[in-house]
Amino acid sequence: MNPILEVKNINKQYANHIALKDVSLIVEPQKIFGLLGPNGAGKTSLIRIINQITGPDSGEVLFNGERLSPKHVDFIGYLPEERGLYKKMSVGEQVMYLAQLKGLKKHDAKAKLKEWFKKFEIESWWDKKIEELSKGMQQKIQFIVTVLHEPKLLILDEPFSGFDPINAQLIKKEILELREKGATIIFSTHNMGSVEELCDNIALINKAEKLLDGSVKEIRKNYQSNTYHITFKGNLIGFTNAVWAGAEFLDKKSDGDVHSVTVKMLRQNKPNDLLEAVLSNAEILSFNEIVPSMNDIFISVVENKQTANTQSSFTE
Amino acid sequence: MNKLFLIIQREYFSRVKKKSFLLMTILGPLLMAGVMVVPVWLAMRDKTDHQILVLDHSGLFINKLPDSKQIKFTYGVESLQSAKAKLKDGPFDLIMEIGCNPLNDKKTTPLLYYKKQPGVSAEQYISNSIENILFDYRLQGDSIDLSKIDNARRPVEMLTIKVTEDGKDEKTNTGTNMLVGFICAIIIYFMIFLYGSQVMRGVIEEKTNRIVEVIVSSVKPFQLMLGKIVGIALVGLTQFILWILLTVLINFAVTSIIFKNQIADTAKQNAQVEKVMKNDLSAGVNKMEKVHSSNEVIELLNDFNNINITKLLLCFAFYFLFGYLLYAALFAGIGSAVDSEADTQQFILPVTIPLIASFIIAQSVATDPDSSMAQFFSIFPLTSPIVMMVRLPFDVPAWELILSMVSLVVGFLFFTWLAGKIYRTGILMYGKKASWKEIGKWLFYKA
């Protein structure tokens, strides 16, 4: 399938710092794409370029294969990290205004808004002033405004910040539903938990550069370290003797004769070898592979890059 | 284009619907009417009536002092002692004692006794009346014909006449010209400040609300800025028109209801005074003044007709509109560069300096409307809306006017473009106080 969005060699520089350095991305349609990176990495700069709020110094962005132009604005929905509403305006007036700015006809906007308000059970808010609503309530309104015009591409910058867990769940459900209906979602965050839960693909940006991208599954597989966690009842010494040649002990915890051990398999040893070694000595209570979380990957990639940089600067 | 219209609409209606707009619309004319009407009203009300008992030992003034609306003279012959007793019980509140031979005195010193001090205007009136009568007596004493004096003393009033290109005469009046020019300039000045700062506040509001990023993902920042400027211009225009209508209405109502009686009274009074004092010189002088003053009103009206009203109004509209647009763009630029109104000071000052300077310049322009300074500042776009308005009633050469207008439009385009560049970057910069240097850099960012 053709990518919905293609970012090609984008460079962007502000007065004395580089925001983006030769960043390229491909976002496939009907996927949730996670744009990850620490604060100040350049995520928001990239998002602003995709939204045509600012332009790149060089490079180009293709939307559905076409060079990004003002006509695409109506196909994109954007929920910025720094978001707000006119405090003195009524909810109804405000959502109507923002919907029309996105190119919706007055009549359609009203019908769709009523639908969403019903769905979120907030019909009674229509005539309220924004300043009367809590922050979480305002976030709901902002979310509705972002998705109202049924954008093909939805860009959510830290969408869950400010939501309580229940509303965060509600928004997650909506995001997944929108994907089912055909929307593509770019989702910028440094909350790794939600990445694992939602994202199909990710790109990791740090210090203006893309360090890593690909599908979440593959990335996690690549970062597998052949490490397992086993809990058993029996003799710890017997267990140690049985496996010591093929594995490295990372962690040990004992509670009476229940032991819980983390081991990293060395060389070509498979988990089966580990199990075989244990079976005769002990009763296995649990066994699982330790898959690195996105959080671990994130930290290790960012840190490795930094050490690599310092090393290379030493050799220079 | 459609989106720009939406923005203008929102900016306009969100302001016009505010209670403060309604309040200002009603209060504005009341204040203006107040400024015009209250002093007159106070002047009419504040005068207390005085009953004066005149003890004239010379006998020169008996029945000669002219009564006014507030001051009534009664003549008595009793002693000062018994007169003072009357001061206690009324009806008199003032007693004036005039010496035996005021005609020969170098300086006449009537004594005025009071319980409550009369106002300056009452004292002035009394002493003027005495002076006038003494003046007549002395002239008569020298057997000088009063009617000759009357005849000799006539007012001089200079008429300035402009000879136009096609050789026709056109009456002008420097004073009126100055007045008209300054009134137009003051209105422009206030409107620029009032609505320019509204633009700035609107921009800051959007920025601190954090709604701006949502909006600029749908429209270009420049469109948002332009929409705001135009929307607020329309608000200003609406308010201005409402003010004029209401002011006219209120003034009309107030004058016709409240002052109706007083005006009629005054007229009656004046007629009486004139009748009583027909043969007296002081009345003659009074009458002369009256004729003179009513002439002045007619002159003033004539002057307004003589100034080319259509041209003036068109120019006023032009300088008002483009002056506002130019400064509103600058105010929008300032608003985008700061995070709160408190931070605006350092940027506002350089923008207000040309405005305030315009007024200082305007004063010397009014005295010498064709000096090279006047020429320069009435063409320079930051000062021309005010300086040119002051110069305009003195007839500015067509080429200068056109040059001034063109340069104002060019200036407007330039400053809007400049402000747009600052705005575009500034609205997305949160939490950082921009410096002049930084703003300079913003101008060169790629959109």
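This note sets out, point by point, how two chains of a predicted model are built and how they meet.

1. Domains of chain A. Chain A is divided into two parts: domain 1 covers residues 5–221, and domain 2 covers residues 225–289. The centres of domain 1 and domain 2 of chain A, taken over C-alpha atoms, are 45 Å apart.

2. A sheet in chain A. Four strands of chain A form an open sheet in the order E12-E13-E11-E14, and the pairing is antiparallel. Strand E12 (247–255) and strand E14 (282–289) are the edge strands, and each of them pairs on one side only. On average, neighbouring strands in this sheet are turned by 20° against each other, with direction ignored.

3. How the strands of that sheet are joined. Strands of a sheet pair through backbone hydrogen bonds, in either a parallel or an antiparallel way. E12(A) is joined by eight bridges to strand E13 (residues 258–265) of chain A, and the two run antiparallel. Within this pair, Ser254(A) has His259(A) in E13(A) as its bridge partner. E11(A) and E13(A) also run antiparallel, joined by seven bridges, and here Lys233(A) stands opposite Val258(A) in E13(A). E11(A) pairs with E14(A) over seven bridges, again in the antiparallel sense. Opposite Gly234(A) stands Ala282(A) in E14(A).

4. Helices on the sheet of chain A. Which helices pack on this sheet? One is helix H8 (residues 236–243) of chain A, which touches strand E11 (227–234), E12, E13 and E14 of chain A. The direction of H8 makes about 140° with that of E11(A). Helix H9 (residues 271–279) of chain A packs on the sheet as well, touching E11, E12, E13 and E14 of chain A. For H9, the angle with the direction of E11(A) is about 10°.

5. Domains of chain B. In chain B, domain 1 spans residues 47–152, whereas domain 2 is made of two segments, 182–239 and 308–442. A distance of 61 Å separates the C-alpha centres of domain 1 and domain 2 of chain B.

6. A sheet in chain B. Chain B holds an open sheet of four strands in the order E2-E1-E3-E4, with mixed pairing. Strand E2 (71–76) and strand E4 (111–114) of chain B each have a single partner strand, so one side of each is left without a neighbour in the sheet. Neighbouring strands are turned by 25° against each other on average, direction ignored. Strand E1 (residues 50–56) and strand E3 (residues 94–98) of chain B pair in the parallel sense, over five bridges. In this pairing, Ile52(B) has Leu94(B) in E3(B) as its bridge partner.

7. A helix pair within chain B. Helix H11 (residues 309–337) and helix H15 (residues 398–426) of chain B have axes that come within 8 Å and cross at roughly 20°. Because of this angle, H11(B) is roughly parallel to H15(B). The two helices make a left-handed crossing. Residues of H11(B) in the contact include Phe318(B), Phe322(B) and Leu325(B), while those of H15(B) include Phe412(B), Phe415(B) and Ile422(B). By class, the contact of H11(B) with H15(B) has 16 nonpolar residues, five polar residues and no charged residues.

8. Where the chains meet. In the contact between the chains, 19 residues of chain B touch 21 residues of chain A. H1 and helix H7 (212–216) of chain B each supply at least two residues of the side of chain B that touches chain A. The residues on that side of chain B divide into nine nonpolar, four polar and six charged.

9. A helix pair across the two chains. How do helix H2 (residues 91–101) of chain A and helix H1 (residues 2–16) of chain B lie, roughly parallel or roughly antiparallel? Their axes come within 9 Å and cross at roughly 160°; H2(A) and H1(B) are therefore roughly antiparallel to each other. H2(A) passes H1(B) in a left-handed crossing. On the H2(A) side, Tyr97(A), Gln100(A) and Leu101(A) take part, and they meet Lys3(B), Leu6(B) and Arg10(B) in H1(B). The residues of this contact comprise three nonpolar, one polar and two charged.

Conventions: Residues are numbered from 1 along each chain as its sequence is written. Chains are lettered from A and ligands numbered from 1 in the order in which they are written. This is a predicted model: local features need pLDDT of at least 70, side-chain atom pairs count only at pLDDT 80 or more; totals for chains, interfaces and linings use all residues. Domain bounds come from an automatic or database domain assignment. Axes are lines fitted to C-alpha atoms, for helices over the stretch in contact, and angles run from 0 to 180 degrees between N-to-C directions. Angles under 35 degrees count as roughly parallel, over 145 as roughly antiparallel, 65 to 115 as roughly perpendicular and the rest as oblique. A crossing is left-handed if the near helix is turned anticlockwise from the far one by less than a right angle, and right-handed if clockwise. Two residues are in contact if their C-beta atoms, placed from the backbone, lie within 7 Å. Ala, Val, Leu, Ile, Met, Phe, Trp, Tyr, Cys and Pro count as nonpolar, Asp, Glu, Lys and Arg as charged, and the others, Gly among them, as polar. Two strands pair if DSSP finds at least two bridges between them.
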